[in-house]
Amino acid sequence: MIKGRVLAINISTQKGTIKTPIEKGIFKINHGLIGDAHAGDWHRQVSLLADESIDKMKKMGVEDLDSGKFAENITTKGIILHELPIGTKLRIGSTIQEVTQIGKECHTGCEIATKVGKCIMPTEGIFTKVIRDGVIKPGDIIEEI
């Protein structure tokens, strides 16, 4: 069984902007993270990016990278997210989420690409939809179910 853990929960009120870490996130079925700009009734309710992916950018010489810089809602550790098949169900904290998309097309004028120089979300970020309400905090376990 694949297991990882949550390093950070991140939120923003506008799309395409860097997200700010919060102490805990409340996630709602068919919506996503309460208060986040990307939440709503669609297939990309929650975005996740592994710390291991962020480390790749650091090794390329990009400095000042931390959780939320790539506009991810959940920063993870110990799980290779972009290798999970679409349809994989994950227990994250007290939520259950289903992987709906791997990677994305980066939009023009993205604050992340502008500030960071490159964005790793298009190749290694993943998206989920919430299928069971709950709370997620840093340190929570992520496991495939």
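The following conversation covers cores, a sheet, salt bridges and surface features of a predicted model.

Trainee: What should I know about the model before reading values from it?
Mentor: It is a predicted model, in which local features need pLDDT of at least 70 and side-chain atom pairs count only at pLDDT 80 or more, while totals for chains, interfaces and linings use all residues. Residues are numbered from 1 along each chain as its sequence is written, and side-chain values use heavy atoms, with hydrogens and water left out.

Trainee: Which residues touch the most other members of the largest nonpolar core?
Mentor: Phe27, Ile74 and Ile92 do, in a core of 19 residues. A nonpolar core is a set of buried Ala, Val, Leu, Ile, Met, Phe, Trp, Tyr and Cys residues joined through side-chain atoms within 4.5 Å. Buried means under 20% relative accessible area, exposed means over 50%, and partly exposed lies in between (1.4 Å probe, protein chains only).

Trainee: And which strands each supply at least two residues of this core?
Mentor: Those are β1 (3-11), β5, β7 (89-92) and β9 (126-132). Strands (E, at least two residues) and helices (H or I, at least four) are DSSP runs, numbered from the N terminus. There is also a second, separate core of eight residues, including Leu65, Ile120, Met121 and Phe127.

Trainee: What does Ile92 touch?
Mentor: Leaving aside residues up to four places away in sequence, Ile92 touches Val6, Leu48, Ile74, Gln97, Val135, Ile136, Ile141 and Ile142. Contact here means heavy atoms within 4.5 Å.

Trainee: Is Thr75 buried or exposed?
Mentor: Thr75 is buried, with a relative accessible area of 0%. It belongs to strand β6 (residues 74-77). Beyond residues up to four places away in sequence, the contacts of Thr75 include Arg5, Val6, Leu49, Asp51 and Ser67.

Trainee: Changing topic: in what order do the three strands of the open sheet lie?
Mentor: The order is β4-β3-β10, with antiparallel pairing. Two strands pair if DSSP finds at least two bridges between them. The edge strands, β4 and β10 (134-136), each pair on one side only.

Trainee: How many bridges join β3 and β10?
Mentor: Three bridges join them, in the antiparallel sense. Gly25 stands opposite Ile136 in β10.

Trainee: How many salt bridges does a search of the whole structure find?
Mentor: The search finds six. A salt bridge is a side-chain nitrogen of Lys or Arg within 4 Å of a carboxyl oxygen of Asp or Glu. In one of them, the side chains of Lys77 and Asp51 meet at 3.3 Å, N to O. Lys77 is in strand β6 and Asp51 in helix α1 (residues 51-59), so this pair links distant parts of the chain, 26 residues apart.

Trainee: What about Glu143 and Arg91?
Mentor: Their side chains form a salt bridge at 3.1 Å, N to O. Glu143 lies in strand β11 (residues 141-144) and Arg91 in strand β7, so the pair ties together parts that are 52 residues apart in sequence. Glu143 is buried at 16% relative accessible area, whereas Arg91 is partly exposed at 29%.

Trainee: Where is Asn30, and what is its phi?
Mentor: Asn30 lies in the loop between β3 (25-28) and β4. Its phi is near 55°, a positive value in a residue other than glycine. Asn30 is partly exposed, with a relative accessible area of 43%.
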